Amino acid sequence: MNIITKATSAKKPKTRESQQVAYAYAAVLVILVLAQLFTFEKFLILLESFWLPGGKPTAYLLGSIIVVCEVMALPFLLRLKLSPLMRITSMALGWLVPIIWLLLTLWLLFTVNAVSNIGLLGTTVKLIPGWWAVFFCVAIGMMAAWASWGLWPFESPKVKKQIK
């Protein structure tokens with residue numbers, strides 16, 4: 001059980017570019033979360049205006065989940081000293097952020113909501129929903145995948161065989 005709770009240093013990145021992508025993705029997440037937290041009360045009301053299934057409780061829960069995922073994805077991307085379980089959790093939350101935003105943008109595109117702000121930057125900066133947001137979510141999803149590949153927390157079986 002010590003392996004799960006003992007904090008260890010991150011492994012060396014596979015490539016220099018993957019480390020740079022991880023830092024860029026971390027910067028994007030910091031910008032998103034700071035803008036959302038700056039006016040968090042209004043951000044929750046904005047999510048409520050999306051008419052999500054489940055109404056107000058779903059919107060408030062989703063808003064909280066988005067912010068927590070964005071913050072908790074940062075330790076993996078910044079290669080902080082973490083336990084293996086936290087490293088995996090942080091990596092998975094980094095994947096969850098673009099998935100949630102992609103689903104929200106698609107929801108806004110295919111429903112008849114008259115929403116003037118998508119909420120990526122909270123209510124601080126108004127961003128009109130559209131296909132650009134879908135492409136943005138796919139782009140940050142690709143950044144998350146690239147960073148996860150480059151900073152993968154486990155050794156591959158090939159490496160173990162070569163070491164023996």
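User: Which pattern does the protein follow, read along the sequence?
Analyst: Along the sequence the pattern is α-α-α-α-α-α-α-α. That comes to eight helices and zero strands, taken as DSSP runs numbered from the N terminus (helices H or I, at least four residues; strands E, at least two).

User: What am I working with here, and how are residues numbered?
Analyst: It's a predicted model, with local features needing pLDDT of at least 70 and side-chain atom pairs pLDDT 80 or more, while totals for chains, interfaces and linings use all residues. Numbering starts from 1 along each chain as its sequence is written, and side-chain values use heavy atoms, leaving out hydrogens and water.

User: How much of the protein is buried?
Analyst: 38% of the 164 residues, where buried means under 20% relative accessible area with a 1.4 Å probe, protein chains only.

User: And which residues have the most contacts inside the largest nonpolar core?
Analyst: Tyr-25, Leu-29, Phe-50, Leu-77, Trp-101 and Leu-104, in a core of 38 residues. Such a core is a set of buried Ala, Val, Leu, Ile, Met, Phe, Trp, Tyr and Cys joined through side-chain atoms within 4.5 Å. Helices supplying at least two of its residues each include H2 (16-38), H6 (84-110) and H7 (131-150).

User: What does Leu-77 touch, leaving aside neighbours within four places in sequence?
Analyst: Its contacts (heavy atoms within 4.5 Å) include Tyr-25, Leu-29, Ala-147 and Leu-151.

User: Switching topic, what box do the C-alpha atoms fill?
Analyst: Roughly 60 × 30 × 25 Å along the principal axes.

Note on methods
Buried means under 20% relative accessible area, exposed over 50%, partly exposed in between (1.4 Å probe, protein chains only).
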